[in-house]
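Dear colleague,

I am passing on the structure below, together with my notes on one of its helices and the parts around it. Please read the notes alongside the coordinates.

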Amino acid sequence: MEKLRVLFVCTHNSARSQMAEGLLRAMAGDRYEVYSAGTEPRGVHPLAVRVMQELGIDLSGHRSEHVDTYRDVPMDYVVTVCDSAREHCPYVPARRRNLHQSFPDPSAVEGDEATRLEAFRRVRDQIRAWLEETFVRQAP
């Protein structure tokens, strides 16, 4: 059975889309081929790497890519995970469905390291719950 291709898109491809990619690959990598990209890629956020490592998911080898990298790659699902990406993303057609689910930007949270880590954990867990409901239990 051929895996379905999923592309997660956010503005910087540094946190939300990276976490979504790592999570879905870990949760259902036998069913999905997963990618992530950004409209203005800036590198993977170190706190995203750290909170994903807590789940045993290694993002340290990931890099930020521009959404144009996947313009000619046929995707079954294209998912924008922030409102800015939805508004500014060049249209990337999906063979099955384009989806949008906005998550708060954990990198925008200010405060000490504990406060910022908690923001990343909270968003990671929100993404994980949404992926479980949307992609793991059923196909969108």
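The buried residues of helix α1 are R16, S17, Q18, M19, A20, E21, G22, L23, L24 and A28, where buried means under 20% relative accessible area, exposed means over 50% and partly exposed lies in between, with a 1.4 Å probe and protein chains only. Because 10 of the 13 residues of α1 are buried, this helix is largely enclosed by the rest of the structure. Among the elements that cover these buried residues are β1 (4–10), β2 (32–38), α2 (46–53) and α4; helices (H or I, at least four residues) and strands (E, at least two) are DSSP runs numbered from the N terminus.

Please bear in mind that this is a predicted model, in which local features need pLDDT of at least 70 and side-chain atom pairs count only at pLDDT 80 or more, while totals for chains, interfaces and linings use all residues. Residues are numbered from 1 along each chain as its sequence is written, and side-chain values use heavy atoms, with hydrogens and water left out.

As for its length, the 13 residues of α1 should span 18 Å at 1.5 Å a residue, which agrees with the 18 Å between its end C-alpha atoms; the expected span is 1.5 Å times one less than the number of residues.

Helix α1 (residues 16–28) packs against helix α4 (residues 113–136) at an angle of about 50 degrees, and their axes are 9 Å apart, the axes being lines fitted to C-alpha atoms over the stretch in contact, with angles running from 0 to 180 degrees between N-to-C directions. That angle makes α1 oblique to α4, since angles under 35 degrees count as roughly parallel, over 145 as roughly antiparallel, 65 to 115 as roughly perpendicular and the rest as oblique. On the α1 side the contact (heavy atoms within 4.5 Å) is made by R16, M19, A20, L23, L24, M27 and A28, and on the α4 side by F120, V123, R124, I127, R128, L131, E132, F135 and V136. These residues divide into 12 nonpolar, no polar and 4 charged.

R16, in helix α1, counts as buried because its relative accessibility is 10%. Leaving aside residues up to four places away in sequence, R16 touches V81, C82, F103, P104, D105, P106, V123 and I127.

Finally, N13 lies in the loop between β1 and α1 and counts as buried at 0% relative accessibility. Its phi is near 50 degrees, a positive value in a residue other than glycine.

Best regards

Technical notes
Nonpolar A, V, L, I, M, F, W, Y, C, P; charged D, E, K, R; others polar.
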